[in-house]
Amino acid sequence: GDLKIQTAKARRRGVSGDLLLQTGDIVDKHSRGDVGKVEIATGNSVQGKGGDIILNVGDSHQTDGGDIDLNAGSSAGNTFYGGKLNMRSGEGDFYTGEINLKTPDSKYGGSGAINIATGNSGTQHGQSGHLFLSTGDGGYGSSISIKAGKSTAHEHSGGGVQIEGGEGSSTGSYSGGDGGDVHLIGGPSGGKRVINDRAGHVILEGGKSSAAGVGGSIKVQSGSGSESGVILMETGDESFGRSTGPMAFKTGNTDDGMSGDIILSTGSATLEKGKAGSIKLEAGTIGSVFSSGNYYNNPYHTQRQRGNEGGEVSVIAGASHSGIGGTVSLSGGSGSAGGGNVNLTAGEGMYESVGGDTLIYGGYSVSTGGLAVLQGGTGAGKGGDVQLRGGTTTGNNKGGDAVVESGDSLRSGSGSVIVRSGDTDSSRSGNVDLTSGTSSTATGNVKVGSGQSRRGQSGHVDVVSGGGDVSGRISLASGRSHSGNSGDIEFSSGEVAEFSSEGDSGKLLLSTAKTSSTRGSSGEISIMTGTSVRGNSGGISLEAGMSKGDGGDVALKASNSESIGGSIILESGSSEYSQAGDITLKTGSAPRPTTSSDGGNINMIARTISQSPFGWSSGRASTKAINFGFDHVTSSGSETRLVALQVKKSRGSMRIVSSVPVQVTTVQYSSDERIKKNVVEVDTEDLLDRMKKIELREYGYTDDWRAVRGLANDVRVRG
């Protein structure tokens, strides 16, 4: 039967009676006996359910409900433990019983809290109790879920979940207290199959928004202090000869919006003496692993061992299937003293190996590839420079080359190489300098040439100054010499290969451009050697090339004109203290005395014409002459031309006219009956009578004629 123990009910203001089940005390303090137990148990059942034990506090309609306190016994001794409080569900062959700790729902206020905490330690060297939450072992391990309550009120957040390590409250200056760690560790795996077996994940996931709100963020932040803590993210080591796990940073996908950014930034240093932190992306090595110190104290203090080939570091912007792909920007920081540098440096070649390359490519396209632009920074004073420089060598070999080369083409022309200075609207545009480096011995060459052609014509080389109100000049000059000869300037057209059956070598043309102005003249061509301070000035040689056939001509021709044609003037150099230079016209000699060829002729021809250039006759022949004489310069500097001998053509006849005495050894006149007609005898007596009638006189010449003849003032002649 039932057993009911109950105190009497209280009326209006009374208190119902207490019910106390208690074993007796041990009064004798010298006794070592234990106090008796209080055991409340229900009976066993063979086929029915075991009886329940219900501890239920009575309800209250006007004040707080009653409490249930379960307290284990305390121990007054300083070397003994307090009593344990054990809660354990019942055993079962199929499922063991559950343990539920839950506060009931509230109609009007908040639901009650559940507090699970271990007690404090009373001494400085003691340790507070541990708190373990663990599920039992089984064929399928069960999870531990910690979930805060949801919020149903407007503008209120759901409950938070906070896991916090304990405070190290000791303030000792030598070695104070350290804060407790918080470890989130996935479950280990004992499986030995790589494909199917894996250890448990650690997943940090912000809350989802079921409507149009924003999903929850994930914030990983180290603690603050005299020096803030390190944040280290790394995948685990691998010792079975396989790959370590990758580390991926990725924002979520979106349908119509913009996918999220990934921002890596260090904190700012607010004081002038501080220094902002760096961002370092470094791939791992192959071979021996890093030998390093404690990551938490100094994670960058590493020493790299020799490996085979290091991992790659790739920075790739996002692709676009309908628009423009994303940009990759590398920019140095701004600064009041100077902007920060951007350094792109390939890896060092260790142990006498070759250093890595630095390659900058424009993007690939099935249409037109992207540009690769190197541009100096814009400045209000002076724009930044762009330098392409080969690497320096510290050994006996030469320094690295600087090569600028356009792109190849499989089906069309290759790309151009354009070197030009920038544009300006208010001043003079910049220079373009092509120079080799200085040297204590011999400097390098500068070569400008077009590429070789396998089948067609090779490319031209054009040197053209810019156009303008006055076009710029083109100057070619060899370098100045301090002790020996200065450098030569050579103009040469290309050779024709020996295996070619035909083809002329290229021409060498020196020509000024035409002018379309009404009063301007075309430009002159001046070829002159330099001045010599003490030695002889250099000569000018115009010489056609040697040939197994006929030798090439050297032609000097003045320009044609609708008015007066241009003249050809051959003038030797003057001398201030000695004799002026000669002019020698000489034909080449036959190289072998046994040959039948003599030296060439010297022809001096003046062209005359009796027909107008417009096709009608002038009615009279022009008079032309080939003059031989001297230019006489007086002490005062005036110059007079003295013509001594003329080969003259006038009115259909030619004659030689001399204004000075002619001294000859032999005078020959052609006499041949084949060129004569109407031959009759001459009356010699009549001729003698005529000669006797000639009156002879003695006279002198005028000053002008004596100057032409070169005669003295007192010369008298007869005639």
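In what order do the elements of the protein run from the N terminus on? The order is β-β-β-β-β-α-β-α-β, which comes to two helices and seven strands. Here helices (H or I, at least four residues) and strands (E, at least two) are DSSP runs, numbered from the N terminus. The radius of gyration is 58 Å, well over the 27 Å that the globule rule gives for 719 residues, so the protein is more spread out than a compact globule. For the reader who wishes to check this, the radius is taken over C-alpha atoms, and the globule rule is 2.2 Å times the number of residues to the power 0.38.

A word on the model is in order. It is a predicted one, in which local features need pLDDT of at least 70 and side-chain atom pairs count only at pLDDT 80 or more, while totals for chains, interfaces and linings use all residues. Residues are numbered from 1 along each chain as its sequence is written, and side-chain values use heavy atoms, with hydrogens and water left out.

The overall dimensions come next. Along the principal axes, the C-alpha trace spans about 210 × 60 × 60 Å. Of the 719 residues, 2% are buried, where buried means under 20% relative accessible area, exposed over 50%, and partly exposed in between (1.4 Å probe, protein chains only). The accessible surface of the protein comes to about 71000 Å², and carbon and sulfur atoms hold 47% of this area; the areas come from the Shrake-Rupley method with a 1.4 Å probe. Among the contacts with a separation of 6 or more, 8% join residues 24 or more positions apart, a contact being heavy atoms within 4.5 Å.

Charged side chains number 65 positive and 75 negative, and the centres of the two sets lie 7 Å apart. In this count Lys and Arg are positive and Asp and Glu negative, with His and the chain ends not counted; each charge is placed at NZ of Lys, CZ of Arg, CG of Asp or CD of Glu.

A search of the whole structure finds two aromatic pairs. Phenylalanine 94 and tyrosine 95 form an edge-to-face pair, at 4.8 Å centre to centre and with 85 degrees between the planes. Rings of Phe, Tyr and Trp (its six-membered ring) pair if their centres lie within 6.5 Å, and planes under 30 degrees apart count as stacked, over 60 as edge-to-face and the rest as tilted. Phenylalanine 94 is exposed, at 74% relative accessible area, and tyrosine 95 is exposed too, at 67%. In the pair of tyrosine 699 and tyrosine 701, the ring centres are 5.8 Å apart and the planes at 80 degrees, so this pair is also edge-to-face. Tyrosine 699 is partly exposed, at 32%, as is tyrosine 701, at 27%.

Three individual residues complete the picture. Glycine 523 sits in the loop between strand 2 (302–303) and strand 3 (624–633) and is partly exposed, at 39% relative accessibility. Leaving aside neighbours within four places in sequence, glycine 523 is in contact with Thr512 and Ala513; alanine 513 is ten residues away along the chain, with a C-alpha separation of 7.0 Å. Glycine 274 lies in the segment before strand 1 (291–292) and is partly exposed, at 40%. Asparagine 678, in the loop between strand 5 (653–658) and helix 1 (684–692), has a phi near 55 degrees, a positive value in a residue other than glycine. At 70% relative accessibility, asparagine 678 is exposed.
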